[in-house]
Amino acid sequence: MEIERMSAEELKSLMDDEELVVVDVRNPQAWSESDSKIAGARRLPMSELETAYQLLAKDKRLVFY
């Protein structure tokens, strides 16, 4: 598995060209206090990531933020 970092602009470009699964891993408090949310992102707090990872689509690129 390859892990890469990308800018918001790079992510936007990918979202325009490719079907991605975007996963917001912030804890519930950080998520609720934030004004920045990506439309369509799945919420999966980091604390639940290990157990729920299997439920994410493997046939698409996964992007975590």
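**Grounds for the terms**

Modeller: Asp-24 is buried, with a relative accessible area of 2%. The model is a predicted one.

Biologist: Why is Asp-24 called buried?

Modeller: The term buried requires a relative accessible area under 20%. Asp-24 has 2%, and therefore counts as buried.

Biologist: Why is Lys-58 called partly exposed?

Modeller: Its relative accessibility is 49%. Buried means under 20% and exposed means over 50%, with partly exposed in between. The value for Lys-58 lies between these limits, so partly exposed is the term that applies. Lys-58 is located in the loop between helix 3 (46-52) and strand 3. From C-alpha to C-alpha, 9.2 Å separates Lys-58 from Val-21, although the two are 37 residues apart in sequence.

Biologist: What makes strand 1 mostly covered?

Modeller: Five of the five residues in strand 1 (residues 20-24) are buried. Leu-20, Val-22 and Asp-24 point one way, Val-21 and Val-23 point the other way, and all are buried.

Biologist: How do you know that strand 1 pairs with strand 3 and with strand 2?

Modeller: Pairing requires at least two bridges between two strands. Strand 1 and strand 3 (residues 61-64) have four bridges, in the parallel sense, and therefore pair. Strand 1 and strand 2 (residues 42-43) have two bridges, also in the parallel sense, and so meet the requirement. Val-23 takes part on both sides: Phe-64 stands opposite Val-23 in strand 3, and Arg-42 is the bridge partner of Val-23 in strand 2.

Biologist: Which residues of the largest pocket are closest to its centre, and how does the lining divide?

Modeller: The largest pocket has a volume of about 590 Å³. Of its 18 lining residues, Glu-4, Met-6, Leu-62, Val-63 and Phe-64 are the closest to the centre. The lining divides into twelve nonpolar, one polar and five charged residues. Helix 1 (8-17) and strand 3 each supply at least two residues of this lining.

Definitions and conventions: Residues are numbered from 1 along each chain as its sequence is written. This is a predicted model: local features need pLDDT of at least 70, side-chain atom pairs count only at pLDDT 80 or more; totals for chains, interfaces and linings use all residues. Side-chain values use heavy atoms; hydrogens and water are left out. Buried means under 20% relative accessible area, exposed over 50%, partly exposed in between (1.4 Å probe, protein chains only). On a 1 Å grid over the protein atoms alone, a cavity is a set of points where a 1.4 Å probe fits but cannot get out, and a pocket is an open set with protein on both sides within 12 Å along at least five of seven lines; lining residues have an atom within 4 Å of a point. Grid points are joined across faces, edges and corners, and a volume is the space filled by probe spheres set on the points. Ala, Val, Leu, Ile, Met, Phe, Trp, Tyr, Cys and Pro count as nonpolar, Asp, Glu, Lys and Arg as charged, and the others, Gly among them, as polar.
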